[in-house]
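Hi there,

Here is the structure I promised to pass on to you. Please open it first, and then read on for what turned up in it.

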Amino acid sequence: MTKIYIDENFAPQLANGLDVFQKHLNQNEKYKVEVLSIKQEFGKGALDEDWIPIAGKQKAVIITQDLRIHTTRHQNELYKKHGLGVVFFKPPSDGYSFWEMVEQLIKRWPEIKNKTKLNRPFAFRCRSRGNLEKLN
């Protein structure tokens, strides 16, 4: 089963809700997914340096709005070293409302799940429009 962690820069209820929907889908799919909240699993304010190695051992995928994980050298090396898959959501300049974020996640969910089948590490950026964009 693949674990997908939702970062704490999203409401933890999004992870809980997606997991409920995904449990229903898992009944009829060979490729099963569990959705978890980083905040609930590792604690509020958990350091990337603490949870990334654990998530890497689980061959997990992370959904986050924190593009610094990709652009900061140390964190970029960390997620790659530990073999994470990362999907970065790039919000519009005024941010997403809760419901806009729900809409984006639901709309992108099949594509995100499909990317979880790829070899890790990988990184994709998701803008409010268009397909997921592979990052180097």
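Which residues are exposed on the other side of helix 5? Before the reply, two notes: this is a predicted model, in which local features need pLDDT of at least 70 and side-chain atom pairs count only at pLDDT 80 or more, while totals for chains, interfaces and linings use all residues. Residues are numbered from 1 along each chain as its sequence is written, and side-chain values use heavy atoms, with hydrogens and water left out.

Helix 5

The exposed ones are R73 and K81. Helix 5 spans residues 73-81, and its buried residues are Q75, N76, L78 and Y79. Helices (H or I, at least four residues) and strands (E, at least two) are DSSP runs, numbered from the N terminus. The buried residues of helix 5 pack against helix 3 (48-57), helix 4 (68-71), strand 4 (85-89) and strand 5.

Six strands form an open sheet in the order 2-1-3-4-5-6, with mixed pairing; two strands pair if DSSP finds at least two bridges between them. Strand 2 (33-37) and strand 6 (133-134) are at the edges with a single partner strand each, so one side of each has no neighbour in the sheet. Strand 1 and strand 3 (residues 61-64) run parallel and are joined by three bridges. I4 has V61 as its bridge partner in strand 3.

T116

Is T116 buried or exposed? T116 is buried, at a relative accessible area of 2%. This residue is in the loop between helix 6 (98-115) and strand 5 (122-126). Apart from neighbours within four places in sequence, T116 is in contact (heavy atoms within 4.5 Å) with T2, I4, Y31, V61 and F122.

Charges over rings

A charge sits over a ring if NZ of Lys or CZ of Arg is within 6 Å of the ring centre and within 35 degrees of the ring normal. The charged end of K117 is over the ring of Y31, 5.2 Å from its centre. K134 lies over the face of F124, 5.3 Å from the ring centre.

Enjoy exploring!

Methods
Buried means under 20% relative accessible area, exposed over 50%, partly exposed in between (1.4 Å probe, protein chains only).
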